[in-house]
Protein chains: 2
Amino acid sequence: MSDAVYAIGDLARQTGTKVETIRWYERDGIMPAPVRTAGGHRVYTRPHLDRLAFIRHARELGFPLEDVRALLRLADDPERPCDQVDAIASQHLAAVRSRIARLQALEAELARMVAVCGRGRVAECRVIEVLADQSHAHCLHEGHGETGL
Amino acid sequence: MSDAVYAIGDLARQTGTKVETIRWYERDGIMPAPVRTAGGHRVYTRPHLDRLAFIRHARELGFPLEDVRALLRLADDPERPCDQVDAIASQHLAAVRSRIARLQALEAELARMVAVCGRGRVAECRVIEVLADQSHAHCLHEGHGETGL
DNA sequence: GATGGGACCTATAGTGACTATAGGTTCAAG
DNA sequence: CTTGAACCTATAGTCACTATAGGTCCCATC
């Protein structure tokens, strides 16, 4: 049971990842290239499954792949103090909190827009009006991109 | 004053957009191609400024460009009932709310991770443990991508 | 009228993290 | 031994830009 092997589809099912994504991770270098069958099919083992689960979970938590790579390097070196791991996670926590705050401001504005829309004709639609409003121009942005979550 | 003209840089400053982004909007088709000077410089007028402001504001609210295109089409036809405008905005509001909920779940997990990290070695670091934990795998995702904000 | 330099031009490639497609090969169940 | 699902590679597309290279234009000052 410790020598179980998996096809790429098994890994995909077990981790909720698309097969293409797993192959992409391999090209990217974040997943190691597994051995192949004579016919060229990838054959994975338990450590591959664990690593992929780690990656996917970190991605779900919003870590960019670069951070995931850093975490994996740290995890591969168990004697290192975890200050650095903690730093990455803390930094990310701060980013998540600021993102929540911005999304809530945005939610308020959207909700107000929708509430005020009189469901009449486009001519009087407040949603269009609010969006066209010059005075609102670039007052909401702060984080440089809307990448990450 | 109603016949004011703007260089691309003026438009950029007034709307908080990068010059490259404005040119990209033109290639994309969401901004109309303006007239040019003899030397090939773009010359914008007030309607361009208004349209760009509309686009930027909608983008800041997280509407994908496709939605912005739809909203612009609807805005151009003031006699039409605004149900569709309302539908787009409401749908977006719902997406934002679900995203906030997921981010809050994520915040809780990250906060717990950081709190538990005992500042020892990576071997005992719960951050790595939590991220490697199989049982958490793909229990958190719902929205297909983490694009948009 | 010359000059300097900032603003502008095009074209192309790169970003992140995948996703999709086309066209072929392999494997395992029946 | 056949069938067809799962696998393979390579390439292009997604979204919404951003960046770079290598040039051209405009206009304020001398």
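How many salt bridges are counted over all chains? In this predicted model, the count comes to 12 salt bridges over all chains. Side chains of opposite charge can pair when their charged atoms come close.

Within chain A, a salt bridge joins D28(A) to R69(A), with 2.6 Å between the closest N and O atoms. Because D28(A) belongs to helix α2 (residues 19-28) and R69(A) to helix α4 (residues 65-75) of chain A, the pair ties together parts that are 41 residues apart in sequence. D28(A) is partly exposed, its relative accessible area being 31%. R69(A) is likewise partly exposed, with a value of 29%. Chain A also holds a network of salt bridges, in which E26(A), R36(A) and R42(A) are linked.

A further salt bridge is formed by E107(A) and R97(B), whose closest N and O atoms are 2.7 Å apart. This pair crosses between chains: E107(A) lies in helix α5 (residues 83-116) of chain A, and R97(B) lies in helix α5 (residues 83-116) of chain B. R97(B) counts as partly exposed, at 42% relative accessibility.

In chain B, the side chains of D50(B) and R46(B) meet in a salt bridge, with an N to O distance of 3.2 Å. Both residues lie in helix α3 of chain B, where they are 4 residues apart, or about one turn of the helix. D50(B) is partly exposed, with a relative accessible area of 33%, and R46(B) is partly exposed as well, with 38%.

Aromatic contacts were examined next. A search of the whole structure finds 2 aromatic pairs over all chains. In chain A, the rings of W24(A) and Y25(A) have centres 5.6 Å apart and planes at 55°, so this pair is tilted. Since planes under 30 degrees apart count as stacked and those over 60 as edge-to-face, an angle between these limits is classed as tilted. W24(A) is partly exposed at 37% relative accessibility, whereas Y25(A) is buried, with a relative accessible area of 2%. In chain B, the rings of W24(B) and Y25(B) also form a tilted pair, with 5.6 Å between the centres and 55° between the planes. W24(B) counts as partly exposed at 38% relative accessibility, whereas Y25(B), at 2%, counts as buried.

The surroundings of DNA strand D were then considered. DNA strand D is surrounded by 19 residues, and the closest are R23(A), R42(A), W24(B), Y25(B) and R59(B). Of the atoms of DNA strand D that come within 4 Å of the protein, 86% belong to sugar and phosphate. A polar backbone atom of R42(A) is 2.8 Å from a phosphate oxygen of DNA strand D. In R56(B), a polar side-chain atom lies 3.3 Å from a phosphate oxygen of DNA strand D. The elements that give two or more residues to the surface near DNA strand D are α1 (8-15) of chain A, together with α2 (19-28) and α3 (46-60) of chain B. The largest share of this surface, 3 residues, comes from α2(B). By residue class, the surface near DNA strand D divides into 6 nonpolar, 7 polar and 6 charged residues.

How values were computed. Residues are numbered from 1 along each chain as its sequence is written. Chains are lettered from A and ligands numbered from 1 in the order in which they are written. This is a predicted model: local features need pLDDT of at least 70, side-chain atom pairs count only at pLDDT 80 or more; totals for chains, interfaces and linings use all residues. Side-chain values use heavy atoms; hydrogens and water are left out. A residue is near a molecule or strand if one of its heavy atoms lies within 4 Å of it. A polar contact is a pair of N or O atoms within 3.5 Å; within protein, one must be able to donate a hydrogen and the other to accept it, and residues adjacent in sequence count only if both atoms are side-chain atoms. Ala, Val, Leu, Ile, Met, Phe, Trp, Tyr, Cys and Pro count as nonpolar, Asp, Glu, Lys and Arg as charged, and the others, Gly among them, as polar. A salt bridge is a side-chain nitrogen of Lys or Arg within 4 Å of a carboxyl oxygen of Asp or Glu. Buried means under 20% relative accessible area, exposed over 50%, partly exposed in between (1.4 Å probe, protein chains only). Rings of Phe, Tyr and Trp (its six-membered ring) pair if their centres lie within 6.5 Å; planes under 30 degrees apart count as stacked, over 60 as edge-to-face and the rest as tilted.
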